[in-house]
Amino acid sequence: MFGEPKVSAHVVLVNPPYPPEAVQSIFLPLGIGYLAAVLEQNGYNVDVVDCQTSSLTQKTIENKIRSLNPDIIGITSATVTYLPALDVLKSAKAAAPKALTLMGGPHVTVLDEQAVTESSELDIVVRGEGEQTMLELAKLVSDGNLKNLSQVKGITYKDNNQIVRTQDRPFIQDIDSLPHPAHHHFDVSMYKLFDVNYMPIITSRGCPSQCTFCLASKMCGKTFRGRSPKKVVDELEWLRDEYGAGAFAFYDDTFTFDLKRAFDICDEMQKRKINLPWDCRTRVDRVSKELLAKLRSTNCQLIHFGVESGSQEMLKVMRKGTTVELNAKAIKWAKEAGISVAVSLVIGYPGETPEMLQQTIDFLYKTKPDYVYMCEAVPYPGTELANYVKELGLEITENWNQYREETQVFTNKLLPLEKLEETKKAFFDNYFSTGYFLNKKFKRDFYSQIMARAALNHLVCNNRVLSWGFKKLSKMRRPKKSVGGYSASKTEQEK
Ligand code: B12
Ligand code: SF4
């Protein structure tokens, strides 16, 4: 059904563009990196098209795919990149009509049936972790044996207008068995920040927590699967030696979930003299004073805590399993250990009132984190929050392009959008002061420079003269994209 038998299928993996209205936050896509790596390890020929670092039009994507002439085209997508991914599929299928088209990632893992139904160009959705499934599909295509599709776990496809959903694929138990992601397919200089190669790494998969707004456990399971400290530090060394890494972003859901493993990784980093700056993300109930001191001793300069709210009631509704007190304590401990703290917050959650939001603002003034992400509560498909919003009958958009942290996609009558935006703006106007900017600027370390840049962006946007001068300057440079997830706010982007 999908082309001639091949000795070894040629696979093209595509990272779709963001919708034009979204913050263009670029990062090295680890999912594609892992898929490319396992394919190459098994002898397949792989090309990668990253539409986020290069401004490709539909036509250029089509031409590129035509020239590559693949047997399989695999596209990744989150909810925000789903519609652009469908557009890419159209071009891809026009360029290579016989190629088997696949889509994976968090959006289609949940809305798999909808995806194969609404897109005639999409042959198969790959649900959840994709490495093994990708290999099995590449093998079937290579052998010209697609009639055995139903044997492949973790996929959804249409067969004679009937949707077939094979059984879920179990998560990979030994994630140490995975190769390093195939970074050679990317121009790593595109992800530089302040001339530093800021390289991502994931050292574990799975999150046992069940926060209502998060899809992590649906993607990677409820069981924490950690890589061994030796393998983790092998990858850090490789990133430093092969890619000139100058700083590392540990993108695990909860890097310190297993405290002992976190200590052991630090020991291994010390033993092998990896002393580059790094940051990680974790929960406030998975750190101790001792651990924070240990992280700092290996040059951890920034820790991101999922604080979510300054209202105990909201933390309970979000099933965060933490307390306001614990949040404050963890921030204090990290700062005492000499680690900068970034906190992420979920605002506009159903049931949140202006008073509760004010509790969050008060919490920030009291605990003084070094950086703040205020993310709108976005009901991503598959989350408990999405079900809750539906149950409450709240008005919600299904324009997936809007599903990003700076956009409100449902109406919270208790906390109207104007009030939310006004509170948020007032907070950032105060927080990103000239004093904040100078303080970070003079610290000179890598992460302080990122924070100083964010403050400067905010200050410039709030000042008409500076803003005019900046626009003139930026027209002379290439368009600015944010890197590594440190996005500018919506207001900054729009001005
Ligand atoms: C790290 C991370 C980031 C990093 C990116 C790091 C990186 N270099 O890749 C940063 C901070 C930049 C980031 C940004 C955003 N993120 Co994020 N992120 C994560 C996190 C914690 C881990 C993702 C990851 O790298 N996993 C490891 C890799 C190996 O897995 P993967 O990418 O999922 O790919 C695997 C499978 O999905 C599948 N697969 C994926 N694509 C394809 C394609 C094919 C063809 C096949 C066969 C298989 C396949 O196989 C891959 C290998 O197993 C997840 C939570 C989670 N645990 O999933 C959230 C998560 C993915 N992020 C989320 C969101 C919302 C965002 C943002 C939209 C936030 C925003 N700005 O508004 C942005 C935009 C992301 C984008 N462009 O797609 C949501 C997505 C929900 C959704 N339905 O869209 C998640 C699930 C968290 C949540 N809130 O629930 N993120
Ligand atoms: S928000 Fe963090 S702790 Fe909560 S489920 Fe998601 S990854 Fe786990």
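How many bridges join strand S1 (residues 10–15) to S4, and do the two run parallel or antiparallel?

Reply: Four bridges join S1 to S4, and the two strands run parallel. Quick housekeeping before the details: residues count from 1 along each chain as its sequence is written, while chains are lettered from A and ligands numbered from 1 in the order in which they are written. This is a predicted model, so local features need pLDDT of at least 70 and side-chain atom pairs count only at pLDDT 80 or more, whereas totals for chains, interfaces and linings use all residues.

Strands and helices here are DSSP runs numbered from the N terminus (E, at least two residues, for a strand; H or I, at least four, for a helix). Two strands pair if DSSP finds at least two bridges between them.

Valine 11 stands opposite isoleucine 72 in S4, and leucine 13 stands opposite glycine 74. S1 has another partner too: strand S3 (residues 45–50) pairs with S1 in the parallel sense over six bridges. In that pairing, valine 11 is opposite valine 46.

S4 (residues 72–76) also pairs with strand S5 (residues 100–104), parallel again, over five bridges. There, isoleucine 72 stands opposite leucine 100. To get from S4 to S5 the chain goes through helix H3 (residues 82–95), and this β-α-β crossover is right-handed. That label means that, with the strands pointing away from the viewer, the path from the first strand over the helix to the second runs clockwise.

How covered is all this? A residue is buried if 20 or more other C-beta atoms lie within 10 Å of its own, exposed if 12 or fewer, and partly exposed in between, with the C-beta atoms placed from the backbone. By that count, five of the five residues of S4 are buried, so the strand is largely enclosed by the rest of the structure. S1 is mostly covered as well, with six of its six residues buried.

In a regular strand, side chains alternate between the two faces of the sheet. In S1, His10, Val12 and Val14 are buried on one side, and Val11, Leu13 and Asn15 on the other. S4 does likewise, with Ile72, Gly74 and Thr76 buried on one side and Ile73 and Ile75 on the other.

S15 then pairs with S16 in the parallel sense over six bridges, where phenylalanine 305 has valine 343 as its partner. Strand S16 (residues 340–347) has seven of its eight residues buried, so it is largely enclosed by the rest of the structure. S16 and S17 also pair in the parallel sense over six bridges, with valine 343 partnered by valine 372 in S17. The chain crosses from S16 to S17 through helix H13 (residues 354–367), and this β-α-β crossover is right-handed.

Most residues other than glycine have a negative phi. Phenylalanine 194, however, has a phi near 50°; this residue sits in the loop between S9 and strand S10 (196–201). Phenylalanine 194 counts as partly exposed because it has 14 C-beta neighbours inside 10 Å. Asparagine 299 has a positive phi of about 80° and lies in the loop between helix H10 (289–297) and S15. Asparagine 299 is partly exposed too, with 18 other C-beta atoms within 10 Å.

Finally, confidence. pLDDT is the predictor's per-residue confidence, from 0 to 100. The protein chain has a mean pLDDT of 92, and 92% of its residues reach 70 or more. Over residues 476–480, though, pLDDT is below 50, and beyond near neighbours in sequence this stretch has one contact in the model. A contact means two C-beta atoms, placed from the backbone, within 7 Å. Residues 488–495 also stay under 50, with 16 contacts beyond four places in sequence. Where pLDDT is low, the predicted coordinates should not be read in detail.
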